[in-house]
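Trainee: I would like to go through the terms used for this structure and ask, each time, what value stands behind the word.
Mentor: Then let us set each value beside its definition.

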Amino acid sequence: QINNRFWKDFRSRLQNFISENSLPWTAVVTEDKNAQNCLTGIHLNPITEMQIFLQPMIEQQFLGGSWRIYFGLMWGGAQPSTEQVSLSAVRKLKNSFQDTGFQSNESFLAWQWTRLYPRRSDFLLRFTRQSEIVLSEAESLLMIFLRENHELLEQANGAINSGASNIKATLAQMRRELTE
């Protein structure tokens with residue numbers, strides 16, 4: 001229950017920040033697919049419909065015998081094409097995060113572990129006693145995406161979803177099909 005309260009309160013704070021700063025996102029709480037009524041994180045979804053997009057996120061994952069929080073930019077919607085991943089705006093955003101120590105893989109353009117262990121008793125006790133401080137610490141993790149890289153993220157999502165990049169991917173696919 002305390003873990004779920006953390007994610008609900010955190011989502012509320014993020015949504016207030018998004019609204020106050022007129023950012024093009026909405027904060028959505030995610031639930032454990034294997035355990036009903038167990039919240040595991042927050043994804044920021046774009047307010048405009050996109051087939052493929054990069055979205056800021058923060059989640060807890062069970063790894064090495066404990067739950068740990070990680071955050072980053074993940075691919076949302078359909079899986080991106082090779083052409084979309086290699087767009088200049090996307091590469092620029094990825095390089096920006098890699099330069100500051102973020103890792104990447106095919107599902108995440110950038111991700112990083114935190115020092116937050118949301119199911120440990122010390123975290124839960126601290127949250128019950130100092131919720132504002134704990135929520136501020138967690139919120140500050142996403143500020144990198146929402147403040148410092150907002151423009152780069154918008155440019156990357158715009159390039160991914162522009163008609164030109166979709167046409168380019170379609171032309172590349174047609175060329176491959178013709179040569180096969």
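Trainee: Why is D9 called partly exposed?
Mentor: D9 has a relative accessibility of 28%, and because buried means under 20% relative accessible area, exposed over 50% and partly exposed in between (1.4 Å probe, protein chains only), D9 counts as partly exposed. This is a predicted model, in which local features need pLDDT of at least 70 and side-chain atom pairs count only at pLDDT 80 or more, while totals for chains, interfaces and linings use all residues. Residues are numbered from 1 along each chain as its sequence is written, and side-chain values use heavy atoms, with hydrogens and water left out.

Trainee: What makes R5 and D9 a salt bridge?
Mentor: The closest N and O atoms of R5 and D9 are 3.7 Å apart, and a salt bridge is a side-chain nitrogen of Lys or Arg within 4 Å of a carboxyl oxygen of Asp or Glu, so the pair meets the rule. Both residues lie in helix α1, 4 residues apart, about one turn of the helix, and R5, at a relative accessible area of 36%, is partly exposed.

Trainee: Which residue does R126 meet in a salt bridge?
Mentor: The side chain of R126 meets that of E137, at 2.5 Å from N to O. The pair links distant parts of the chain, with R126 in helix α4 (residues 121-129) and E137 in helix α5, 11 residues apart. R126 has a relative accessible area of 30% and is therefore partly exposed, and E137, at 31%, is partly exposed.

Trainee: Is E139 buried or exposed?
Mentor: E139 has a relative accessibility of 13% and therefore counts as buried. Its place is in helix α5, and E139 is linked with R13 and E132 in a network of salt bridges. Leaving aside neighbours within four places in sequence, E139 is in contact (heavy atoms within 4.5 Å) with F10, R13, L14 and F17.

Trainee: At what angle do helices α1 and α5 pack, and what is that arrangement called?
Mentor: Helix α1 (residues 2-20) and helix α5 (residues 131-148) pack at an angle of about 45°, with their axes 10 Å apart. That makes α1 oblique to α5, because angles under 35 degrees count as roughly parallel, over 145 as roughly antiparallel, 65 to 115 as roughly perpendicular and the rest as oblique. The crossing of α1 and α5 is right-handed, a word used if the near helix is turned clockwise from the far one by less than a right angle, with left-handed for anticlockwise. The residues of this contact divide into 10 nonpolar, 1 polar and 5 charged, where Ala, Val, Leu, Ile, Met, Phe, Trp, Tyr, Cys and Pro count as nonpolar, Asp, Glu, Lys and Arg as charged, and the others, Gly among them, as polar.

Trainee: How do you know that α1 and α4 are oblique to each other?
Mentor: α1 and α4 pack at an angle of about 55°, with their axes 10 Å apart, and they are therefore oblique to each other. Here α1 passes α4 in a left-handed crossing. The contact is made by I2, N3, R5, F6 and D9 of α1 and F123, L124, F127 and T128 of α4, and its residues divide into 5 nonpolar, 2 polar and 2 charged.

Note on methods. Axes fitted to C-alpha atoms, helices over the stretch in contact; angles between N-to-C directions. Helix = DSSP H or I, 4+ residues; strand = E, 2+ residues; numbered from the N terminus.
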